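Please open the structure in your viewer and keep the selection tool at hand. This tour goes from one stop to the next, saying what to select and what is there.

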Amino acid sequence: MKKRKMVIAWQVAFTYLGALIGAGFASGQELLKFFAVFGLKGIMGAAISGLLFGFLGMLVIGVVVREKIASYNQLLVYLFGKKAAVFFDSLITVFLLFSLAVMLVAGSSLGNQLWGFPLWLGYFLMAAVIYLFLLADLEGVLWLNTALMPGLILLTLTIALLSLLSSETVTAVIRSEDTVQVATAVISSLNLVGENWLQALLLYVSYNFILGMVLLSSLGQMVSKGGREGVLLGGIILGLLAAVISFSLVKQGALVTNEAIPLLVLASRVHPLAGWVYSFGLWAAILTTALTLGFGLLRRAQQLLALPRALCLLLIFLPTVPFYSWSFTQMVVVIYPLMGYLGLALLLAILIKTVKF
């Protein structure tokens, strides 16, 4: 029994990390803008963010188990009431759909620029992988994240630590403007960072926790065994990883400040092969985020439509197809800041409903 609980805890931890570690985090751009720019205070903020993700995740799981919640819509009804939940539900659903399209385009663009895949092939390859794993529903989400996240965490941590230990200067920088424009559009062009590290920390957590909340509210009663330990473990790992990466970015200073994919630059400094390997890690980060987005939408679609899972998934992916060759830079600049401030409302509602002052 204890072994089963431990397995579930690690599955939840890696799945939670898969939702939170997307293209922005894995590229290093997100940590650069939200934390590294503030120096040592930013590094402290990065570590604190992990604790906040763990704490907030435990609050959500407590509500999910107690109220028998199975989707983010049910959680919104609990937090805001039926009428207000309709408004928040609509915003989050649109956000998830657009974000899924952005992740699919980011993956296809990365494949095109780094490995020479045609855009349409990269797009449908990522969509096909997500589709197949979502056919297995929750088990598919848990096992794909459990398979990919340990390697991604280890690879990212290794690159950051080697960068900290290195005293070499940059002699060449690998940049691909087309890849950068889409693959890091999610974060690189945003202006969400506040005037101080505390404000930046708050916006970072609220911005990212929307997807974390969608995931945790869709796990259902499975999280009653090992779920709390899992999200806390995931938060601690995220905080440590974010702090180490932020420290490495602070050390590099101006060498990475203007780079759209700082960690790819750092990996390429270690060795050209390391840069090539890390590009796969970035693709995996995009994949796990897209998987979580698709899972949240699947659970919502199953609530609204009395259709087989395979057909629900097709209806989710079809609206994203027209965008496979688009650039989302300007669209994302509008959508993601709005979601960041929407996240603040969600965090406040969660605290009011779950914490006894």
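## Aromatic rings

Begin by selecting Phe34, Phe35, Phe53 and Tyr204, which form one aromatic cluster. Before going further, note that this is a predicted model, in which local features need pLDDT of at least 70 and side-chain atom pairs count only at pLDDT 80 or more, while totals for chains, interfaces and linings use all residues. Residues are numbered from 1 along each chain as its sequence is written, and side-chain values use heavy atoms, with hydrogens and water left out.

Rings of Phe, Tyr and Trp (its six-membered ring) pair if their centres lie within 6.5 Å, and planes under 30 degrees apart count as stacked, over 60 as edge-to-face and the rest as tilted. The structure holds nine aromatic pairs. One of them joins Phe34 and Tyr204 in a tilted arrangement, 5.3 Å centre to centre with 55° between the planes. This pair links distant parts of the chain, since Phe34 belongs to helix H3 (residues 29-34) and Tyr204 to helix H11 (residues 197-217), 170 residues apart; helices here are DSSP runs (H or I, at least four residues), numbered from the N terminus. Are Phe34 and Tyr204 buried or exposed? Phe34 counts as buried because its relative accessibility is 2%, and Tyr204 is buried too, with a relative accessible area of 1%, where buried means under 20%, exposed over 50% and partly exposed in between (1.4 Å probe, protein chains only).

Select Phe80 and Phe88 next: their ring centres are 4.2 Å apart and their planes at 15°, so the pair is stacked. Phe80 is partly exposed, with a relative accessible area of 24%, whereas Phe88 counts as buried at 11% relative accessibility.

## The nonpolar core

Now colour the largest nonpolar core, which has 108 residues, and in which Phe25, Ile92, Leu96, Ile130 and Phe209 have the most contacts. A nonpolar core is a set of buried Ala, Val, Leu, Ile, Met, Phe, Trp, Tyr and Cys residues joined through side-chain atoms within 4.5 Å. Helix H15 (residues 272-304) gives the most to this core, with 14 residues.

Which residues does Ile92 touch, not counting those up to four places away in sequence? Ile92 touches Tyr72, Leu76, Met213, Val214, Leu342 and Leu346, a contact being heavy atoms within 4.5 Å.

For another stop, select Thr156 in helix H8 (residues 137-165). Thr156 counts as buried, at 2% relative accessibility, and, leaving out residues up to four places away in sequence, Thr156 touches Leu241, Ile245, Leu263 and Tyr278.

## Salt bridges

Finally, turn to the charged side chains, where the structure holds three salt bridges, each a side-chain nitrogen of Lys or Arg within 4 Å of a carboxyl oxygen of Asp or Glu.

Select Arg300 and Asp89, whose side chains meet at 2.8 Å, N to O. Arg300 lies in helix H15 and Asp89 in helix H6 (residues 82-115), so the pair ties together parts that are 211 residues apart in sequence. Arg300 is buried, with a relative accessible area of 11%, and Asp89 counts as buried at 8%.

Then select Asp137 and Arg299, which meet in a salt bridge of 3.0 Å, N to O. This pair also links distant parts of the chain, with Asp137 in helix H8 and Arg299 in helix H15, 162 residues apart.

The tour ends at Glu67 and Arg66, whose side chains form a salt bridge at 3.5 Å, N to O. Glu67 is partly exposed, with a relative accessible area of 37%, and Arg66 counts as partly exposed at 48% relative accessibility.

Methods
Helices (H or I, at least four residues) and strands (E, at least two) are DSSP runs, numbered from the N terminus.
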